[in-house]
Amino acid sequence: MNPGDRVRVKRAGQDHEGIVMPSSTATHLVVKLESGYNVGVDRAAATVEVLEADVYDVAESDTEETSTVEFDADLPTISLLTTGGTIASTVDYRTGAVTAQFDAEDVLRAVPELAGMANYRGRVVRNILSENMTPGVWQDLAAEIEAEIEAGADGIVVMHGTDTMQYTASAISFMLDTPVPIVFTGSQRSADRPSSDNVVNVVGAVQAAKADAAEVMIAMHATESDDRVALHRGTRARKNHTSRRDAFETVGGEPLGHVDYETGEVTFDGPYRKRGEQELSVTSALETEVELVKFTPGMDQTCLSMVREKEGVVIEGTGLGHVHTDMIEQIDELTDRGTTVVMTSQCLEGRVCDRVYDTGRDLLEAGVIEGEDMLPGTALVKLMWVLANRADVESAMQTSLAGELTDRSVPWI
């Protein structure tokens, strides 16, 4: 039995028929089913029947293989930085789980559509799942992006897990003034799945990194089809679905732009910072003693005592930015101790306004800063950055520094 043979595998009363694929372990058999999915089976616990030999020419993977990318002086240079996530993942057939295993060069081998679009160079910043992302990695990533731009990169593509991508994109938005596009991308579904979105998203991200908008953006499917990639401003994006390919949305407005997958055309629908309009500057200090607290009816109000030693707290309140009136005294004590408290809303649209009802006015009297229409996650990251880099915290939190605030909240459709 060799890779490329068609086999029938019997195990635990189930039959699987498909093509034998190269396996990363000697103890597991990998079979590609007709559906396109791969399954891993414990060899010792299975009975295998070879139905037909050499149906497909499937080469064993060469772990020593390296990518050779020819330089074309007429093409821009795009730096591919990898942090991990599903877009850089494969299946671990010991457990059946998706694990981060690819490096930047693997992406070039896996996405041949990238050939001829740009000159590429890349490096692995981290190889982690996005739930393991930390502010320290944000700082390391900012330093790597700085180095790549200083070395002449015309654009940056950061491959990142989707679950926490909006936090990292926000952090980089505040940390860097950039003269070139910085584009985050990922995938909702791993490359071994027939419905994977990795190729479309990576191609869209590279096209955006070649374009004129020197912004921090998130490039992900605009629809469930493989037709367009939406470009969301890093501080206004939110993952709004667990598994759909078009999970990301720009909250409070339209996406910054789109990429047509077939033609590669990049269009922008609103104002943006153009290439070269600002000098490269990195300010990556962060105050990490900041927490995000979500208010819920009937919550244990003593939870605020757990954050009394923090430098900053972002509260995700109701509606216009409210909490239970019994919590106002504790918030007053927090601000008296020197903790900065910022109020945001659980609503996806609209602006915090604590001047309408008595509760809001009492919160303002207690020293709460209105978070305007910032997304709670963005407000958390911004407060980390502002506490470390700005003297007037209240003014900075209520000033749009990286497109995180809109001028006013109005319907856009």
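View 1. With a relative accessibility of 5%, Val41 counts as buried, because buried means under 20% relative accessible area. Please keep in mind, here and in every view below, that this is a predicted model. Val41 belongs to strand S4, which covers residues 38-42. Look for Leu29 too: this residue is 12 residues away along the chain, yet the C-alpha atoms of Val41 and Leu29 are separated by 5.1 Å. Which residues is Val41 in contact with, once neighbours within four places in sequence are set aside? They are Val9, Arg11, Thr27, His28, Leu29 and Ala46.

**View 2. An open sheet of eight strands.** Reading across this sheet, the strands come in the order S9-S6-S10-S12-S13-S14-S17-S18, and their pairing is mixed. Strand S9 (119-124) and strand S18 (266-268) are found at the edges; each has a single partner strand, so one side of each has no neighbour in the sheet. On average, neighbouring strands here are turned by 25° against each other, direction ignored. Leu81 has Val158 in S10 as its bridge partner.

**View 3. Strand S22, covered on both faces.** How many of the six residues of strand S22 (residues 340-345) are buried? Six of the six are, so the strand is largely enclosed by the rest of the structure. In a regular strand, side chains alternate between the two faces of the sheet. In S22, Thr340, Val342 and Thr344 lie on one side, while Val341, Met343 and Ser345 lie on the other, and all are buried.

View 4. Strand S21 (residues 312-317) pairs with S22 in the parallel sense over six bridges, and Glu316 has Thr344 in S22 as its bridge partner. Between S21 and S22 the chain passes through helix H5 (residues 328-336), making a right-handed β-α-β crossover. S22 is also joined by two bridges to strand S23 (residues 369-370), and these two run parallel. Here the bridge partner of Val342 is Ile369 in S23. From S22 the chain reaches S23 through helix H6 (residues 358-365), and this β-α-β crossover is right-handed.

**View 5. Two loop residues with positive phi.** Ala12 sits in the loop between strand S1 (6-11) and strand S2 (14-21). Its phi is near 50°, a positive value in a residue other than glycine. Glu372, in the loop between S23 and helix H7 (376-389), has a positive phi of about 55° although it is not a glycine. Which of the two is buried, and which exposed? Ala12 is exposed, with a relative accessible area of 69%, whereas Glu372 is buried, at 18%.

**View 6. The largest nonpolar core.** In soluble globular proteins, nonpolar side chains tend to be buried together. The largest nonpolar core of this model has 47 residues, and Ile145, Ile172, Met175 and Phe184 touch the most other members. Elements giving two or more residues to this core include helix H2 (135-150), helix H3 (165-175) and strand S12 (182-185). H7 provides the largest share, seven residues. Setting aside residues up to four places away in sequence, Ile172 touches Trp138, Leu141, Ala142, Ile145, Ile182, Phe184 and Val216. Apart from this core lies another, of 25 residues, including Leu80, Val202, Val206 and Leu256.

Terms used:
Residues numbered from 1 in each chain as written. Predicted model: local features only at pLDDT ≥ 70, side-chain atom pairs only at ≥ 80, totals over all residues. Heavy atoms only, no water. Pairing = 2+ DSSP bridges. Helix = DSSP H or I, 4+ residues; strand = E, 2+ residues; numbered from the N terminus. Axes fitted to C-alpha atoms, helices over the stretch in contact; angles between N-to-C directions. Buried < 20%, exposed > 50% of the residue type's maximum accessible area, 1.4 Å probe, protein only. Right-handed = clockwise from strand over helix to strand, strands pointing away. Contact = heavy atoms within 4.5 Å. Core = buried A, V, L, I, M, F, W, Y, C linked by side-chain atoms within 4.5 Å.
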